[in-house]
Amino acid sequence: MTTTRVAVPRKGRPLEAVLERLAARTGTTELADDIISTLRYEKAITKGNQTADADVYHRLAEYSSLDDPHRPEYTLLRDDRDGMPRRVVFDSVTVPTDHGDVQLIGREEPFRALRTHEFALGFDSADLVLEEVVQLRGDALTSIEEINDRIDPLDTDVRVVTGLGDTVYHTLLATPDVVDAQDRPLGREFVRNYDGEFCISPRYERLVEAVLGTAALDGITFTYPENGNEEEADIAATGIGVYLTVTGSTARDHDLELGERLFPSETVLLENARERDAMTDAVGDLFAEPEETALQSV
């Protein structure tokens with residue numbers, strides 16, 4: 001039977017979204033729950049919130065099942081925390097489907113694995129696509145169709161297919177004093193009429209430029225949170241900025257008002273158009289539920 005290889009993140013919310021969507025379509029909920037709970041437990045150990053009886057190598061041997069491809073395998077990576085501890089992360093698992101076996105293969109950077117034609121299908125954060133390949137233009141980027149339209153075909157064959165609905169948003173935040181300085185809602189038009197410092201995470205600079213449009217950033221100087229500080233605290237000190245929000249409760253703790261949700265930080269299904277065929281299209285349909293993605297309705 002044909003096996004379709006799909007690149008996925010090794011850990012975190014994007015991997016969980018992929019596992020949950022595949023489980024919903026294939027009935028492999030127990031498998032997905034097992035992988036998710038294992039990785040959350042290992043994350044807690046790495047962060048010092050859990051204590052393990054066995055060392056990491058014994059835990060790895062206990063989790064992995066090399067003889068059965070339908071059971072998950074894990075591997076070790078160096079974590080970037082103090083001391084660079086080894087962390088158990090996802091490696092691979094094979095899931096039977098109506099379209100043949102689907103083998104999820106963990107990669108540190110799935111998007112880049114698709115760019116180098118290692119895979120036809122994969123999942124990664126929509127943020128990374130904006131950070132790496134979307135062309136910057138004067139006008140704002142507002143939809144999934146525009147993401148693909150702004151990817152130079154000479155740069156990459158990878159395109160965004162749809163999102164998985166695991167959505168948090170890059171949201172405009174500002175203090176009441178800054179909001180009251182203009183007689184308009186805290187949105188894109190507000191930013192176009194704002195001059196001064198604007199606090200963002202440095203890794204999202206290109207994303208913010210794409211989402212707001214370069215024309216809106218005339219007169220704006222980016223500042224960045226200092227190491228160890230809460231982003232919301234530094235945005236409050238600056239007066240205005242962009243940060244990822246779920247409920248906005250932390251922002252309100254810093255007396256920040258929530259403005260427009262600029263762009264969804266969502267796990268997206270990606271395809272390399274040069275590698276696509278009837279089988280990858282069928283497997284891609286396993287994951288696609290357009291009504292759930294925020295990327296098509298921003």
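A search of the whole structure, a predicted model, finds 20 salt bridges, each defined as a side-chain nitrogen of Lys or Arg within 4 Å of a carboxyl oxygen of Asp or Glu. Residues are numbered from 1 along each chain as its sequence is written, and side-chain values use heavy atoms, without hydrogens and water. Local features need pLDDT of at least 70 and side-chain atom pairs pLDDT 80 or more, whereas totals for chains, interfaces and linings use all residues.

R115 pairs with E132, with the closest N and O atoms 3.5 Å apart. R115 is partly exposed at 25% relative accessibility, as is E132 at 23%; partly exposed lies between buried (under 20% relative accessible area) and exposed (over 50%), with a 1.4 Å probe and protein chains only. Both residues belong to a network of salt bridges that also links E109, R112 and D155.

In a further salt bridge, the closest N and O atoms of R137 and D149 are 3.4 Å apart. R137 lies in the loop between helix 5 and helix 6 (144–149) and D149 in helix 6, so the pair connects parts 12 residues apart in sequence. R137 is partly exposed, at 29% relative accessibility.

The salt bridge between E189 and R192 has its closest N and O atoms 2.7 Å apart. Both residues lie in helix 8 (residues 188–192), three residues apart, about one turn of the helix. E189 is partly exposed at 40%, and R192 at 41%.

Methods. Helix = DSSP H or I, 4+ residues; strand = E, 2+ residues; numbered from the N terminus.
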